[in-house]
Amino acid sequence: MTEAAVALGQPQIMLPLLDALIYDPTGTELERTPARMIVNHDEDGNRVESLHAVPLAQGDGWSARLHVWSAGQSQLTEDTHNHTADFGSAVLTGAFRDTLYSPAAHGEGEKRYEYLNDGQRTGPVREVVLMKGPSRIIPAGEAHTMDHRVVHSANVRPDGPGGISATVVVRRPRKQFGNAYTVGERTGSPPWVEPVDGVAALKKVRTALENS
């Protein structure tokens with residue numbers, strides 16, 4: 001998966017693909033599967049617009065999409081979470097700091113409220129205590145693999161050309177509902193996924209790649 005993400009992220013492949021999706025998305029994965037915006041919340045429970053997930057292609061047992069964060073989300077830290085499927089990711093522009101978490105032994109760690117990611121942040125399911133583990137900065141040009149069971153958070157650094165960060169992600173079929181681990185308990189269960197204009201996000205990535 002990671003090798004596929006790296007190959008797909010090469011400019012000679014990515015730029016023509018972006019052009020095709022921007023100028024004529026008819027019959028493409030972008031037309032079949034609308035782009036989505038992920039919504040996070042800060043420590044006070046305020047809404048924070050997070051990444052734009054834009055479908056690129058899909059095949060037998062895999063799918064590819066672009067993740068884009070804009071300058072307005074500078075230093076955004078996503079809610080701690082795991083994923084619905086294993087994936088490989090290559091950073092095209094910008095960077096982010098990835099921090100791992102694990103269940104805390106003897107209750108020593110950071111309190112979180114666990115929500116089920118079924119499209120509606122239902123819950124909270126329970127209270128948990130997580131221990132912060134190692135973190136690393138993943139810059140443009142590097143790639144990594146993520147197991148669906150791993151709990152982590154990403155501190156986004158949209159410092160690439162045009163003030164964005166972007167990754168290309170190649171993932172396997174879904175294995176589970178994911179979970180989000182929030183600092184504060186949410187009131188109600190607002191959707192955490194909303195439709196968004198995918199073409200606008202693709203144009204930002206194309207411009208950034210041309211200027212990198």
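Mentor: Let us start with Phe96, keeping in mind that this is a predicted model; Phe96 counts as buried, because its relative accessibility is 7% and the cut-off for buried is under 20%.

Trainee: Which residue forms an aromatic pair with Phe96, and how is such a pair described?

Mentor: In general, a pair of aromatic rings is described by the distance of the centres and the angle of the planes. Here Phe96 pairs with Trp69 in a tilted arrangement, with 6.3 Å from centre to centre and 40 degrees between the planes. The two residues are 27 apart and link distant parts of the chain, since Trp69 belongs to strand S3 and Phe96 to strand S6 (residues 95-103). Trp69 is buried as well, with a relative accessible area of 5%.

Trainee: How should I read the nonpolar core, and how many residues does the largest one have?

Mentor: The general idea is that in soluble globular proteins, nonpolar side chains tend to be buried together. In this model the largest nonpolar core has 25 residues, and those with the most contacts inside it include Met14, Leu18 and Val205. Among the elements that give two or more residues to this core are helix H2 (11-23), strand S3 (62-69) and helix H4 (198-211). If residues up to four places away in sequence are left out, Met14 touches Leu8, Gly9, Leu56, Leu66, Leu92, Val168 and Leu209.

Trainee: What about charged side chains: how many salt bridges does the structure hold?

Mentor: Side chains of opposite charge can pair when their charged atoms come close. The structure holds eight salt bridges, and one of them joins the side chains of Arg206 and Asp19 at 2.4 Å, N to O. That pair links distant parts of the chain, with Arg206 in helix H4 and Asp19 in helix H2, 187 residues apart. Arg206 counts as buried at 16% relative accessibility, whereas Asp19, at 24%, counts as partly exposed. Asp19 and Arg206 are also linked with Glu210 in a network of salt bridges.

Trainee: How far apart in helix H3 are Arg32 and Glu29?

Mentor: Arg32 and Glu29 are three residues apart in helix H3 (residues 29-32), so about one helical turn separates them. Their side chains meet in a salt bridge of 3.1 Å, N to O. Arg32 is exposed, at 54% relative accessibility, while Glu29 is buried, with a relative accessible area of 8%.

Key. Residues numbered from 1 in each chain as written. Predicted model: local features only at pLDDT ≥ 70, side-chain atom pairs only at ≥ 80, totals over all residues. Heavy atoms only, no water. Core = buried A, V, L, I, M, F, W, Y, C linked by side-chain atoms within 4.5 Å. Buried < 20%, exposed > 50% of the residue type's maximum accessible area, 1.4 Å probe, protein only. Helix = DSSP H or I, 4+ residues; strand = E, 2+ residues; numbered from the N terminus. Contact = heavy atoms within 4.5 Å. Phe/Tyr/Trp six-rings, centres within 6.5 Å; stacked < 30°, edge-to-face > 60°. Salt bridge = Lys/Arg side-chain N within 4 Å of Asp/Glu carboxyl O.
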